[in-house]
Amino acid sequence: MAAPLSVEVEFGGGAELLFDGIKKHQVTLPGQEEPWDIRNLLVWIKKNLLKERPELFIQGDSVRPGILVLINDADWELLGELDYQLQDQDSVLFISTLHGG
């Protein structure tokens, strides 16, 4: 069984408005059979942090197009996207690039 992980989850570019306006969350993910990956993290975020309009953040089993994901300041596309296995003390930042005008 994988041990619990402490991860910083941050939202910016307006995405924080879906999370009661709170930008930074220090979360402890519970131990589970399989290692935590971004796919599991998104399910956990939807269930535990997301307060309104999930369709503006989640689409299918991933983030909606227009949301940039950085893991430890690196683009998640370089790290395997949904399959990236989280490590203790990782920082995951979600930035909305969608703006009205």
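Residues are numbered from 1 along each chain as its sequence is written, and side-chain values use heavy atoms, with hydrogens and water left out. Because the model is predicted, local features need pLDDT of at least 70 and side-chain atom pairs count only at pLDDT 80 or more, whereas totals for chains, interfaces and linings use all residues.

Helices (H or I, at least four residues) and strands (E, at least two) are DSSP runs, numbered from the N terminus. Five strands make up an open sheet of mixed pairing, in the order β2-β1-β7-β5-β6, where two strands pair if DSSP finds at least two bridges between them. At the edges are β2 (24–29) and β6 (74–75), each of which pairs on one side only. Strands of a sheet pair through backbone hydrogen bonds, either parallel or antiparallel. Strands β1 and β2 run antiparallel and are joined by six bridges; Glu8 has Gln26 in β2 as its bridge partner. An antiparallel arrangement also relates β5 (residues 67–71) to β7 (residues 91–96), with five bridges between them, and Leu68 stands opposite Ile95 in β7.

In a regular strand the side chains alternate between the two faces of the sheet. In β2, His25, Val27 and Leu29 belong to the covered face, while Lys24, Gln26 and Thr28 belong to the uncovered one.

Five aromatic pairs were found in a search of the whole structure. Rings of Phe, Tyr and Trp (its six-membered ring) pair if their centres lie within 6.5 Å; planes under 30 degrees apart count as stacked, over 60 as edge-to-face and the rest as tilted. Phe11 and Phe19 form a stacked pair, at 3.7 Å centre to centre and with 10° between the planes. Relative accessibility is 1% for Phe11, which therefore counts as buried; Phe19, at 1%, likewise counts as buried. Here buried means under 20% relative accessible area, exposed over 50%, and partly exposed in between (1.4 Å probe, protein chains only).

The ring centres of Phe11 and Phe57 are 5.8 Å apart and the planes stand at 75°, so this pair is edge-to-face. Because Phe11 lies in strand β1 (residues 5–12) and Phe57 in the loop between α1 (38–48) and β3 (58–59), the pair ties together parts that are 46 residues apart in sequence. Phe57 is buried, as is Phe11. One aromatic cluster comprises Phe11, Phe19, Phe57 and Phe94.

Phe57 also takes part in lining the largest pocket, together with Gly13, Gly14, Ala15, Leu17, Leu18, Leu56, Arg64, Ile67, Ser96 and Leu98. A pocket is an open set of points on a 1 Å grid over the protein atoms alone, where a 1.4 Å probe fits, with protein on both sides within 12 Å along at least five of seven lines; lining residues have an atom within 4 Å of a point. The largest pocket holds about 200 Å³ of space. Its lining consists of seven nonpolar residues, three polar and one charged.

Ser62 is placed in strand β4 (residues 62–63) and, with a relative accessible area of 16%, is buried. Beyond its neighbours within four places in sequence, Ser62 is in contact (heavy atoms within 4.5 Å) with Leu42, Phe57, Trp76 and Leu82. Asp73, by contrast, lies in the loop between β5 and β6 and counts as exposed, at 72% relative accessibility. The C-alpha atoms of Asp73 and Ser91 are separated by 7.7 Å, the two residues being 18 residues apart along the chain.

How values were computed: Grid points are joined across faces, edges and corners, and a volume is the space filled by probe spheres set on the points. Ala, Val, Leu, Ile, Met, Phe, Trp, Tyr, Cys and Pro count as nonpolar, Asp, Glu, Lys and Arg as charged, and the others, Gly among them, as polar.
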